[in-house]
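Thanks for coming. I have one structure to go through today, and I will keep to what can be read from it.

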Amino acid sequence: MKQARVRDRFKSVFGYIKALLIRHYRSLLLLLLGVFLPLQIFGSLAEEVWEDEGGFPWDEPILLSIRTTATPQLDTFASHLTQLGVGWGVAPASIVIALVLWRRHHWRSLVYFLTTMIGSAIINVSAKLLLHRVRPNLWESPAPEYDYGFPSGHAMSSMTFVAALVILLWGSRWNWLVTVLGGLFVLAIGWTRLYLGVHYPSDIVAGWLASIAWAVGVAMLIKPRLIRTEPH
């Protein structure tokens with residue numbers, strides 16, 4: 001009799017857990033793929049950089065391979081394009097989007113967007129100061145940088161910007177267009193940092209992963225509504 005009661009209690013507990021998992025499987029899956037896995041990989045990269053400033057065996061070969069495509073015209077193109085990743089592109093576009101959200105009284109979306117963008121910048125600066133990874137010095141860059149390199153600030157700002165927009169527009173008719181064009185933009189900015197020789201590939205990957213985890217994690221906390229459905 002006592003064993004039967006214990007068995008019934010265990011069945012009740014397992015049934016409750018099963019129902020809970022089924023009810024929240026989307027959120028749990030998003031937490032796993034959007035936050036946990038990116039953070040795990042980022043943490044592994046950061047740990048390796050912390051223990052060995054020289055980086056990974058695949059970093060330099062990739063950079064040297066990209067270097068073989070260098071031309072004076074590409075130098076000029078990459079030097080200009082890379083500035084869209086922060087000062088000439090992401091920063092002014094973020095200000096415009098924030099003003100639009102403010103004018104339309106999309107307060108929850110505005111808080112999410114500002115928290116995501118500003119928080120990403122703080123995370124980037126903090127990680128660079130903590131890990132002190134020196135940038136590659138394999139050739140003379142046409143657009144040199146002099147601060148620390150891990151993770152890439154341009155990769156983080158571009159990915160955070162695009163990820164935040166995708167989340168805000170999720171389910172709308174603009175979502176796939178923003179995802180495709182934004183993905184191309186993120187890849188282009190990442191390429192410029194490698195082409196210019198100012199980042200290792202692991203810097204770029206780490207920046208992307210940290211941005212995805214941050215953007216998704218903040219979204220799960222703030223739960224921003226779609227821009228097109230939020231009340232005025």
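I will start with the overall fold, then take the last helix, the cores, the pockets and a few backbone details.

A caution before anything else: this is a predicted model.

The secondary structure comes to nine helices and zero strands. Along the sequence the pattern is therefore α-α-α-α-α-α-α-α-α. The protein has 232 residues, and 42% of them count as buried. As for contacts, take those with a separation of 6 or more: 80% of them come from residues 24 or more positions apart.

Now the last helix, α9. It has 22 residues and spans 32 Å from its first C-alpha to its last, close to the 32 Å expected at 1.5 Å a residue. How many of the residues of α9 are buried? The number is 16 of the 22, so α9 is largely enclosed by the rest of the structure.

Is Ser-211 buried or exposed? With a relative accessibility of 0%, Ser-211 counts as buried. Leaving out residues up to four places away in sequence, Ser-211 touches Ser-120, Ala-155, Met-156, Met-159 and Thr-160. The other residue is Trp-208. Its contacts, setting aside neighbours within four places in sequence, are Ala-155, Met-159, Val-186, Leu-187 and Gly-190.

Trp-208 brings us to the cores. The largest nonpolar core has 33 residues, and Trp-208 is among those that touch the most other members, together with Ile-97, Tyr-112, Phe-113, Phe-161 and Leu-196. Which elements give two or more residues to this core? They are α3 (59-67), α5, α6, α7, α8 and α9. The most comes from α7, with nine residues. There is also a second, separate core of eleven residues, including Phe-42, Val-49, Leu-131 and Met-156. As general background, nonpolar side chains in soluble globular proteins tend to be buried together.

The largest pocket holds about 870 Å³ of space. It is lined by 23 residues, and those closest to its centre are Leu-30, Ile-167, Trp-170, Val-216 and Ala-219. Two or more lining residues come from each of α2 (25-51), α7 (153-168), α8 (175-195) and α9 (201-222).

The elements giving two or more residues here are α5 (90-103), α6 (107-131) and α7. Of these, α6 gives the most, with seven residues. This lining divides into eleven nonpolar, six polar and no charged residues.

Now the loops. Trp-58 lies in the loop between α2 and α3. It counts as partly exposed, at 35% relative accessibility. What does Trp-58 touch, if residues up to four places away in sequence are not counted? The partners are Pro-201 and Ser-202. Trp-58 and Pro-201 are 143 residues apart in sequence, yet 8.3 Å apart in space, C-alpha to C-alpha.

His-132 is partly exposed, with a relative accessible area of 37%.

Last, the end of α9. Lys-223 is found in the segment after α9, and it has a positive phi of about 55° although it is not a glycine. Is Lys-223 buried or exposed? Lys-223 is exposed, with a relative accessible area of 55%.

That is where I will stop. I can take questions now.

Conventions: Residues numbered from 1 in each chain as written. Predicted model: local features only at pLDDT ≥ 70, side-chain atom pairs only at ≥ 80, totals over all residues. Heavy atoms only, no water. 1 Å grid on protein atoms, 1.4 Å probe; cavity = no way out; pocket = protein on both sides within 12 Å on 5 of 7 lines; lining within 4 Å. Points joined across faces, edges and corners; volume = space filled by probe spheres on them. Helix = DSSP H or I, 4+ residues; strand = E, 2+ residues; numbered from the N terminus. Nonpolar A, V, L, I, M, F, W, Y, C, P; charged D, E, K, R; others polar. Expected span 1.5 Å × (residues − 1). Buried < 20%, exposed > 50% of the residue type's maximum accessible area, 1.4 Å probe, protein only. Core = buried A, V, L, I, M, F, W, Y, C linked by side-chain atoms within 4.5 Å. Contact = heavy atoms within 4.5 Å.
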